[in-house]
Amino acid sequence: MMVFRVFQGEAGAEGPVGKTGPVGSQGPPGKPGAEGLRGIPGPVVSLEDAKYLILSPKGTTGPPGLPGMKGDSGSKGEKGHPGLIGLIGPPGEPGEKGDRGLPGPQGAGGGKGEPVRFLSFYRNSYLSEHFGLLVKLCCQLISFHPVCRQGIGGAHGPLGPPGPPGLPPLPIQQPGKKSRRQAETQGDEALTDYGMEGMDDVFGSLNNLKQDIERMKFPMGTQDNPARTCNDLHLSQPDFPDGEYWIDPNQGCIGDAIKVFCNFTAGGETCIYPDKKSTGVRISNWPKESPGSWFSEFKRGKILSYVDGGDNSINAVQMTFLKLLSSSARQNFTYICHQSVAWYDSKADNYDRALRFLGSNDEEMSYDNNPFIKSLMDGCSMKQGYSRTVLEINTPRIDQLPIIDVMLNDFGESNQRFGFEVGSVCFLG
């Protein structure tokens, strides 16, 4: 019997790759990946694209941006010009009562007194001490009363000592003459006839006068109790906040009182507003207008006019008195520009194209003739894109304000546009 021994051979070569099996079912979602890096900034928009974006239809308003950081404090302004001499103030209050004088020499004895027939309250009262002064004041107010025409006799004094024996009476008296006693008796009778009813009128007039004086000394800024100016109201009511109040500069009938804005924070300024058609114009290229023209000459222009807080026109009398009661006036004018100069031209280094203003006294005002015009900001001087310039006219020459017209000098090219806003005019004094 033959026995065969089987030995295991070496591993064969790797076979070919089998066919791709069928697609398996989708596995579960994987975990979120890590946050990616920030993308690179987008391309810079060209000037032409910017113009296209500016002139494109306006999109929806985006959410409000975060508030900006607080700006640095401005530099201290220059010392102002000395103000005009103020008006004469009202009379001062009466001084204190003086010391009692020395007693005079004793007078001669008087005749027998008569019973006092005048008003019962007149005797032994405080009124008796000041009655003459009250009647004198009354007579200035109501000179038509009988008391003022006839006069009032004084109160009778106490009974004097007996006099010496008199002379025998004369046989004949001159007709038409009355003795002193007869005159006093007749005066008392006249006063008795006048009576309490007439005195009610006297004291009613005095009371009304007192109330009028109190209202003038302490105005409330209301329509029925207006102040002369906001400065007067601030002096009498220092705790009142800024806001709209009534004033009556000519101090006449309160029917022509005007409603104004009182800026007590600035020391008591009286401010009036331009009317709705004078507040300003929207930015435009103004293709049909010529540089160097007054705004009132534009097709859409007009003379600037002003109103009170109730949009009512202010009559010339009230405006004149308001100016007479003021020592300075100020007004702001804002110029909105695109490639247009308002005041200083930094490229040309001059003021040749500066705005010109026409004051309410028909006087032209600009850089070359008025030192009271200053730029609070002048973004239009560089002529680079959209910006604005704010000019302030702060003048002691009250008759120059408010401005009633403005001359525009730098526009007309295809890329130039402008608009403006007219501020309120405020009087201080």
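**Figure 1. Thr-270 in strand E3 of the predicted model.** Thr-270 belongs to strand E3, which spans residues 269-274, in a model that is predicted. With a relative accessible area of 1%, Thr-270 is buried, and its side chain reaches the backbone nitrogen of Cys-230 at 3.0 Å. Leaving aside residues up to four places away in sequence, Thr-270 touches Thr-229, Cys-230, Asn-231, Ile-247, Val-260, Phe-261, Leu-322, Val-425, Cys-426 and Phe-427.

**Figure 2. The salt bridge between Arg-330 and Glu-269.** Arg-330 and Glu-269 form a salt bridge in which the closest N and O atoms are 2.8 Å apart. Because Arg-330 lies in strand E7 (residues 328-338) and Glu-269 in strand E3, the pair ties together parts that are 61 residues apart in sequence. Glu-269 is buried, at a relative accessible area of 5%, whereas Arg-330 is partly exposed, at 23%.

**Figure 3. Other salt bridges of the structure.** A search of the whole structure finds nine salt bridges. In one of them the side chains of Arg-228 and Asp-232 meet with an N to O distance of 2.7 Å, and Arg-228 counts as partly exposed at 33% relative accessibility. A salt bridge also joins Arg-356 to Asp-368, with the closest N and O atoms 3.3 Å apart; Arg-356 lies in strand E8 and Asp-368 in the loop between E9 and strand E10 (373-378), so this pair ties together parts that are 12 residues apart in sequence. Arg-356 counts as buried at 18% relative accessibility, a value that falls under the 20% cut-off, while Asp-368 counts as exposed at 58%. Arg-353, Lys-383 and Asp-410, in turn, are linked in a network of salt bridges.

**Figure 4. The stacked pair of Trp-286 and Phe-418.** The structure holds 15 aromatic pairs. One of them is formed by Trp-286 and Phe-418, which are stacked at 5.4 Å centre to centre with 25° between the planes. Trp-286 lies in the loop between strand E4 (280-284) and strand E5 (293-294), and Phe-418 in strand E13 (residues 417-428), so the pair ties together parts that are 132 residues apart in sequence. Both partners are buried: Trp-286 has 4% relative accessibility, and Phe-418 has a relative accessible area of 0%. Trp-286 and Phe-418 also belong to one aromatic cluster, which they form with Phe-295, Phe-298, Phe-333, Tyr-335, Phe-357, Phe-411 and Phe-420.

Figure 5. Val-317, Phe-321 and Leu-324 make a nonpolar surface patch of about 270 Å². Val-317 lies in helix H6, which comprises residues 316-324, and counts as partly exposed at 45% relative accessibility.

Figure 6. The peptide bond from Leu-401 to Pro-402 is cis, with omega near 5°, and Pro-402 lies in the loop between strand E11 (386-395) and strand E12 (403-408). Asp-311, a residue other than glycine, has a positive phi near 60°; Asp-311 is placed in the loop between strand E6 (306-307) and H6, where it is exposed with a relative accessible area of 51%. A positive phi, near 65°, is likewise found for Asp-362, in the loop between strand E8 (356-359) and strand E9 (364-365). Asp-362 is exposed, with a relative accessible area of 61%.

**Figure 7. Asn-225 and Ile-254, with the overall fold for context.** Asn-225 lies in the loop between helix H4 (180-217) and helix H5 (230-236) and counts as buried at 10% relative accessibility. Asn-225 and Ile-254 are 29 residues apart in sequence, and their C-alpha atoms are 7.8 Å apart in space. The protein contains six helices and 13 strands, and 30% of its 429 residues count as buried. Among its contacts between residues at least 6 apart in sequence, 69% join residues at least 24 apart.

Definitions and conventions:
Residues are numbered from 1 along each chain as its sequence is written. This is a predicted model: local features need pLDDT of at least 70, side-chain atom pairs count only at pLDDT 80 or more; totals for chains, interfaces and linings use all residues. Side-chain values use heavy atoms; hydrogens and water are left out. Helices (H or I, at least four residues) and strands (E, at least two) are DSSP runs, numbered from the N terminus. Buried means under 20% relative accessible area, exposed over 50%, partly exposed in between (1.4 Å probe, protein chains only). Contact means heavy atoms within 4.5 Å. Rings of Phe, Tyr and Trp (its six-membered ring) pair if their centres lie within 6.5 Å; planes under 30 degrees apart count as stacked, over 60 as edge-to-face and the rest as tilted. Patches are made of residues with over 30% relative accessible area and no salt bridge: like charges are joined within 9 Å, nonpolar side chains (Val, Leu, Ile, Met, Phe, Trp, Tyr) within 5 Å. Accessible areas come from the Shrake-Rupley method with a 1.4 Å probe; for residues, only the protein chains shown count as cover. A salt bridge is a side-chain nitrogen of Lys or Arg within 4 Å of a carboxyl oxygen of Asp or Glu. A polar contact is a pair of N or O atoms within 3.5 Å; within protein, one must be able to donate a hydrogen and the other to accept it, and residues adjacent in sequence count only if both atoms are side-chain atoms.
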